Amino acid sequence: RPQVSFTLELEFSCSVLLDLAEVTLQATSDSTEATPEDNVVKLSVPIRYEPDLFLSSNTNLHRYEVHPLGTFTHPGPEFTTTVKVQNLGCYAIQNITLNMALPALGHHRAPILSVTRVLANNATCVLQPPPEGTRVVPVPPEDLLHIDR
């Protein structure tokens, strides 16, 4: 039996969102066929839209001096970090979760960061410690010498 393979490329509009793409394929011939009913096939394919998300962050403090353990008695300067998630696509996106891990412990588990408040626009933010069983690895001071961020 002869076979034909081909690829269909469908283009969708941003103004009309579809859940399903339905295609009917029909093969015709000048010959007389014994079973013409198998010359038609209907395909139904669910459509999933690819998100086009853009994640950006900005902070008002670009340098922070960490003093040797025991010589810094009061909290350091407060700084603000803004994280923005934007949908650059034309399709609505739901149920987005963004998890951020903050480097809160230094050498000998000394606290180097504490979150004072969380402000959110168009989002629900939950500040919580790592789940039970999560291994927190303190950063030895010598490792910081080779890290520029």
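From the N terminus on, the elements follow the order β-β-β-β-α. The chain thus described is a predicted model, in which local features need pLDDT of at least 70, side-chain atom pairs count only at pLDDT 80 or more, and totals for chains, interfaces and linings use all residues. Residues are numbered from 1 along each chain as its sequence is written, and side-chain values use heavy atoms, with hydrogens and water left out. Helices (H or I, at least four residues) and strands (E, at least two) are DSSP runs, numbered from the N terminus.

The chain has 149 residues, and 5% of them count as buried. Buried stands for under 20% relative accessible area, exposed for over 50%, and partly exposed for values in between (1.4 Å probe, protein chains only).

Aspartate 19 is located in the segment before E1. Its relative accessibility is 66%, so aspartate 19 counts as exposed. With residues up to four places away in sequence left out, aspartate 19 touches Val45, Pro46 and Ile47. The C-alpha atoms of aspartate 19 and proline 46 are 5.9 Å apart, although 27 residues separate the two along the chain. Arginine 48 belongs to the loop between E2 and E3. Arginine 48 is exposed, at 81% relative accessibility. Between its C-alpha atom and that of leucine 17, 31 residues away along the chain, the distance is 10.0 Å.

Open space was examined next. Rolling a probe the size of a water molecule over the atoms shows where empty space is left. A pocket is defined on a 1 Å grid over the protein atoms alone, as an open set of points with protein on both sides within 12 Å along at least five of seven lines; a cavity is a set of points where a 1.4 Å probe fits but cannot get out, and lining residues have an atom within 4 Å of a point. The second largest pocket has a volume of about 560 Å³. Volume here is the space filled by probe spheres set on the grid points, which are joined across faces, edges and corners. The lining of this pocket consists of 15 residues, and Pro2, Val4, Ala27, Asp38 and Asn39 are the closest to its centre. Strands E1 (20-26) and E2 (40-46) each supply at least two lining residues. By class, seven lining residues are nonpolar, five polar and three charged. Ala, Val, Leu, Ile, Met, Phe, Trp, Tyr, Cys and Pro count as nonpolar, Asp, Glu, Lys and Arg as charged, and the others, Gly among them, as polar.

One salt bridge is present in the structure. The term denotes a side-chain nitrogen of Lys or Arg within 4 Å of a carboxyl oxygen of Asp or Glu. The partners are glutamate 78 and arginine 117, with the closest N and O atoms 3.3 Å apart. Glutamate 78 sits in the loop between strand E3 (53-59) and strand E4 (81-87), and arginine 117 in the loop between E4 and helix H1 (141-144). The pair thus links distant parts of the chain, 39 residues apart. Arginine 117 is exposed, at 53% relative accessibility.

Asparagine 95 has a positive phi of about 55°, although it is not a glycine. Asparagine 95 lies in the loop between E4 and H1 and is exposed, with a relative accessible area of 77%. Asparagine 122 also has a positive phi of about 55° without being a glycine. Asparagine 122 is placed in the loop between E4 and H1, and its 85% relative accessibility counts as exposed.

Technical notes
Contact means heavy atoms within 4.5 Å.
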